[in-house]
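Thanks for making time, everyone. Let me put the chain on the screen, and then I'll walk you through it.

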Amino acid sequence: MKGKLHSSHFSVSVGKAVATITFAVHSALSSAAITIEQAQLMAVSNDSGIAQFQDKSKAASYEAVAMGQLPDPILIVGAQNIPTDTFQFDQEPMSQIKVGIKQMFPQGDTLSLRENKLNTQASSLEDKAQARYLTISRQVRNIWLEIFYWEQASQILNQDQALFQQLLEVTRSLYSVGNVKQQDVLRAELELSRLHERVIKANRRSETQRALLSRWVGGVAIDEPWSQSLPILRTPKLDSVNILDFAKAKREGGKFSPQQAQQEIAKFLQTHPTLIDLEKQVNVADHEIRISEQRYKPTWGVELNYGYRDGENNDGSDRSDFVSAMVNVSLPLFANTRQDKSVQSAVHRKEAQKNIHQDMLRKMVGEVQTILRRLQQTEEQLALFDEEILTKASLHAEASLNAYQADAADFSEVMRAFISEQGDRLDYARLQTTRLQLISALRFYFPTSLADLSQLHHSDSYLIQSNLMSSQGESR
């Protein structure tokens, strides 16, 4: 009879125990760990791109006010009809000092249309800022979750190192008394070395993802310990519709046919900042058409002049001053070569923007459907792991070990069972992470509410960082 290997790794409810171990809350680390919400807030608070769009929006708003005003009047001051032989102002009756003012009026409704166009552009830039906020939030959540997975993977592998080391010691002991072959010892040593190598890989992947996150949140992504508790991300609510129903066709017992699901998804996506921005770009192009159409109308100008004269008439009376009023009107005579082409160009730009909007809508609908199908499949896989795979894999590993100790199985079978059970736990951790990343993607496409970007301050992230560092110091 071979020696007995005692390990708390296997228990009656080992499947549930594995899940508990994998995602246990370590209070000593959690007190200083950066949460997924904190990482998101720090990233959007530090992002200069959001501030850039906001500044551009304000600039467009101010420019809209300026573009809606009439051009400045022109002051005219000059001397007119001065004789060149004597340069005497009172010699000739037509000599005068002229003072006037001229005001131009743009074509048709050009001023109001330009103002509306710029206001629409300003609003569009706000939507771009919102879209960037959602994009950054999604990226940071995904990176945070990747770090979370590799930290969990490293923890799983480190836990197994103690078990594999114990297995190696028992195998060596059995070999010393001639109960097992040297091949078993070598296999145990090899698998322990491979496990060390997998730990190194997991740590390297974690460090790589931490470096990516540091681009958004700074050094806390590298220096601080990571949260060991699984974050809670809920699927977005769409009125009374369960978003997962869109992943089920009617033939599968779902509420919607594939066509109906596409239409419903497209309807809910209409409020996404990216599509609102593109829709406003269509409105901007429409304003450009209307501005081009104003070029068929004339430009008007009004001029009022006062001419002062000195000297006397032939009868000895004072010369009268002159007052003149004029109206200037442009003549748009070359409509075929200028105005017509300008309007046609603006029309094609609008059609291009409409096509961009429709293309983006179709793309987003397709992406959402893909995410929903993956989420549904991931949920089914997780249920299978919870209900069967984890427990059975652990029991199989334990049974293989017992059979080996009873000389009913060889060592290779034991190692295969152990490694397979370890892979199942890693797969389970990956599925939990993938599920949250898919929900994170849905939160990007269907935000429950838009952020008040005016409340974002760069100091917020530094306050969070200082609090984290302070908590870390206390825990130490």
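**Sheet, helices, pocket**

Start with the sheet. Four strands form an open sheet in the order β1-β2-β3-β4, and the pairing is antiparallel. Keep in mind that this is a predicted model. Which strands sit at the edges? Those are β1, residues 74-80, and β4, residues 322-329. Each of these two pairs on one side only. On average, neighbouring strands here are turned by 20° against each other, ignoring direction.

Now go strand by strand. β1 pairs with β2, residues 96-105, in the antiparallel sense. How many bridges join β1 and β2? There are 7 bridges. You can pick out partners by eye. V77 stands opposite V99 of β2. Q80 has Q96 in β2 as its bridge partner.

Step across to the next pair. β2 also pairs with β3, residues 300-308, again antiparallel, and here over 9 bridges. Look for K98, which stands opposite G307 in β3.

On to the helices. Take α4, residues 48-67, and α5, residues 110-176. Their axes are 8 Å apart and the packing angle is about 170°. Angles over 145 degrees count as roughly antiparallel, so α4 is roughly antiparallel to α5. What is in that contact, by class? We have 12 nonpolar, 5 polar and 7 charged residues.

Next, the pocket. The largest pocket holds about 360 Å³ of space. Its lining counts 19 residues. Which of them lie nearest the centre? Q40, Y133, S137, R141 and R443 do. As for elements, α3 (36-46), α5 and α11 (411-445) each give two or more residues to this lining. The largest share is from α3, with 5 residues. By class, the lining of this pocket splits into 12 nonpolar, 4 polar and 3 charged residues.

Last stop, an annotation. An unreviewed UniProt entry marks residues 361-388 as "coiled-coil region". What does the model show over residues 361-388? The chain there is 100% helix and 0% strand.

Let's go back to the screen and take questions.

Key. Residues numbered from 1 in each chain as written. Predicted model: local features only at pLDDT ≥ 70, side-chain atom pairs only at ≥ 80, totals over all residues. Heavy atoms only, no water. Axes fitted to C-alpha atoms, helices over the stretch in contact; angles between N-to-C directions. Parallel < 35°, antiparallel > 145°, perpendicular 65-115°, else oblique. Nonpolar A, V, L, I, M, F, W, Y, C, P; charged D, E, K, R; others polar. UniProt positions renumbered as here; feature names shortened; annotations may be inferred. 1 Å grid on protein atoms, 1.4 Å probe; cavity = no way out; pocket = protein on both sides within 12 Å on 5 of 7 lines; lining within 4 Å. Points joined across faces, edges and corners; volume = space filled by probe spheres on them. Pairing = 2+ DSSP bridges.
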